[in-house]
Amino acid sequence: ENSYNKMYFTGDVIGPYQTTEDCSSYFEAMRETIKQVDKDVNFQNYDRIIIFYPFYLRQNEICNYDGASLSGKSELITEDGTIKASVSLDLRSSLWVVGHELGHDLGLSHANRLDCNNYGYFDLDKCDIKDYGDPFDIMGNVGTRPLTPHLNAYNKEKLGWFKKEEEHTTAINGEYDIEPIEVSGYGIKSIKIPVPAKFYDYYLEYRQPIGFDKSINNNLYNGVLFHVAPYYLDNPYYTLLYYPKEIVIKPGEVFNDNSENDIKIEVLGAYGSSAKVRVESNIQPFADLEAKFLDVNSKIINKQTTIRFILKNNGVGGDVNALNIKARLYKFPKDNFGEQSQKNLIAEEKINELKNNDSIIISFTDNLNEKEVASYLIDVNSDNDYKTNNNKLFFNINQLYEDVYLKDFGVFEYNPKEPSVG
């Protein structure tokens, strides 16, 4: 339902096993579990690993979390050879925990809330961020547990679940009909409004009491849900939910972001089968570069790493070519990820022009020393891309243990020291 039948799982249950490793260190618990069951499992047959520890460890506060996971798939050396798989550790078998950690396994981060109540108006630079605070997304879900609502439109877009361009559109001016996000079909389910000179975009979606979105909050179904999606922060790729008055923008209401872009979002009607919105702004047509990983391949023997990503120009508002593009690969010393003064330029590629709707594949390589922990940043910009902070892709390559090699990389979230918790 959530993925419109694009994703499903089949698997096997193995165990139970007894272990002397508690779950206070989730890395150690994951490592020991994989090591313990390796003799009984051919890991070549699996690319998702979900580990369950007894719930009493959570009840007795021996472990202070419901679940933990690595972000995206990791590379593990097993007795059956090297595999790529996601790994999560759950202390509750409830769907709201297992599904949440599975979201991390897919590369998603937390869905948060933007609290602007102290100011009375929208200003992302001043409002407070409440972690887990989006109650209408399983990646947040505070206040609606144990319900398991749909992922928001931003997360579904990142996972590639909108199969047709008609299901997701970028708008700077015009009127649009939005279908409920819970149902499959060819109508628009997500509207992205780019925000030049800022570090975020706006997303609009429409919810109805269908499937997993039943009985969440009656006010949720009365208008259009509004999200802010930063594309570069200290912890990138979070989604933030902003409450315009009562959860949604209702018919007859107008949201104004009070910025130099003068973006106005008016809900003209909410009819159950669809909602109609009008978007107005002072935004001029622009190039919109989008960078996505294709693969990251690391040879464990000589530790040569090859990174390939695809760059596309999604011009908005007209036929606009991206000009003077620069793509750079940076590497950070251990434990210094995010310290801009510490980054070292490893490789660079320049492209004079990328036409609207065209794409190009870029490849970088780097050599790692024995047991080196490397954190990387790919930075892409052009002279006329609307993003203030460029396109940034984050990933790291770690050799954490002698017998288990973990490689964690993801477009959606970067956490250099520990997996996602909760």
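Author: A nonpolar core is a set of buried Ala, Val, Leu, Ile, Met, Phe, Trp, Tyr and Cys residues joined through side-chain atoms within 4.5 Å. Please keep in mind that this is a predicted model, where local features need pLDDT of at least 70, side-chain atom pairs count only at pLDDT 80 or more, and totals for chains, interfaces and linings use all residues. Residues are numbered from 1 along each chain as its sequence is written, and side-chain values use heavy atoms, with hydrogens and water left out.

Reader: Which residues of the largest nonpolar core touch the most other members?

Author: Those are Leu114, Phe122, Ile191, Tyr202, Leu204, Phe226 and Val228, out of 35 residues in that core. Several strands (E, DSSP runs of at least two residues, numbered from the N terminus, as are helices, H or I, of at least four) each supply at least two of its residues, including E9 (190-194) and E11 (224-230). Strand E10 gives the most, with 4 residues.

Reader: What does tyrosine 202 touch?

Author: Leaving out residues up to four places away in sequence, its partners include Phe122, Ile191, Phe226, Val228 and Ile263, and also Lys192 and Asp257. A contact means heavy atoms within 4.5 Å.

Reader: Why is alanine 229 called buried?

Author: Buried means under 20% relative accessible area, exposed over 50%, and partly exposed in between (1.4 Å probe, protein chains only). Alanine 229 has a relative accessible area of 2%, so it is buried. This alanine lies in strand E11. Across the protein, buried residues make up 54% of the 422 residues.

Reader: What makes helix H3 largely enclosed?

Author: In H3 (residues 95-105), 10 of the 11 residues are buried, so the rest of the structure largely encloses this helix. Among them are Trp96, His100, Glu101, His104 and Asp105. After H3 comes glycine 107, with a positive phi near 110°.

Reader: What makes E17 and E20 a pair?

Author: Two strands pair if DSSP finds at least two bridges between them. Here 9 bridges join E17 to E20 (residues 359-367), and the two run antiparallel. Within this pairing, lysine 312 stands opposite serine 359.
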